[in-house]
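Hi everyone, thanks for making time. Let me put the structure up, and then we'll walk through how a few of its pieces pack together.

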Amino acid sequence: MQRSWVVLVGGIAVAVAVIAMVLSAVPGAAPLQGLLKPDDPVVVAQGRQIYEVNCASCHGADLAGQPDWQKRRADGRLPAPPHDETGHTWHHPDAVLFDLTKVGPAKMIGDPTYQTDMPAYEDKLSDDDIIAVLSYIKSTWPKPIRDRHDRMNAEARQN
């Protein structure tokens, strides 16, 4: 009798694990909070360190970006935008921010002639490093902006 309970519980555990694996492979089945982890202090701390080494020289140690970031320079390129609440970073879903960081703007928009100072980090940072940096950035946004960004991610997953 006790052995049958063990077999039953073990079978249920295996079934739950298989269902979880199948659901994780289904598009749109990502966790509700999205790709980023702004509430995970370990990920955020790691992201801050990576940001300081790889991003702060252009986007600023305080995430404030470069002056006149919305106005093209004489060379036709845009200055680095801020990643704080005054910029447009939070106007993009997690997946867009991830792709932009990983492959760079030119490849992301499918225009290899697009001129930008923003490099692609696919050969420099791991996917987890990129997620950590973006999680750090999001962790600095005020709650109303974070909430709005979360809603944007939910809408993006539905489309």
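**Helix packing around helix 5**

So, what you see here is a predicted model. Let's start with helix 2, residues 41–54, and helix 5, residues 127–139: their axes come within 7 Å and cross at roughly 100 degrees. Angles of 65 to 115 degrees count as roughly perpendicular, so that is how helix 2 and helix 5 sit relative to each other. Who makes the contact? On the helix 2 side we have V43, V44, Q46, G47, R48, I50 and Y51, and they meet D129, A132, V133, S135, Y136, I137 and S139 of helix 5. Sorted by class, the residues in this contact of helix 2 with helix 5 are eight nonpolar, four polar and two charged.

Now please look at helix 4, residues 94–109. The axes of helix 4 and helix 5 come within 10 Å, crossing at roughly 125 degrees, and helix 4 and helix 5 are therefore oblique to each other. Their crossing is right-handed. Helix 4 brings D94, L97, F98, T101 and K102 to the contact, while helix 5 brings D127, I130, I131, L134 and K138.

Is R146 buried or exposed? Its relative accessible area is 16%, and under 20% counts as buried, so R146 is buried. Leaving aside residues up to four places away in sequence, R146 touches P38, D39, K138, S139 and W141.

That's my tour, and I'm happy to take questions!

Conventions. Residues are numbered from 1 along each chain as its sequence is written. This is a predicted model: local features need pLDDT of at least 70, side-chain atom pairs count only at pLDDT 80 or more; totals for chains, interfaces and linings use all residues. Side-chain values use heavy atoms; hydrogens and water are left out. Axes are lines fitted to C-alpha atoms, for helices over the stretch in contact, and angles run from 0 to 180 degrees between N-to-C directions. Helices (H or I, at least four residues) and strands (E, at least two) are DSSP runs, numbered from the N terminus. Angles under 35 degrees count as roughly parallel, over 145 as roughly antiparallel, 65 to 115 as roughly perpendicular and the rest as oblique. Contact means heavy atoms within 4.5 Å. Ala, Val, Leu, Ile, Met, Phe, Trp, Tyr, Cys and Pro count as nonpolar, Asp, Glu, Lys and Arg as charged, and the others, Gly among them, as polar. A crossing is left-handed if the near helix is turned anticlockwise from the far one by less than a right angle, and right-handed if clockwise. Buried means under 20% relative accessible area, exposed over 50%, partly exposed in between (1.4 Å probe, protein chains only).
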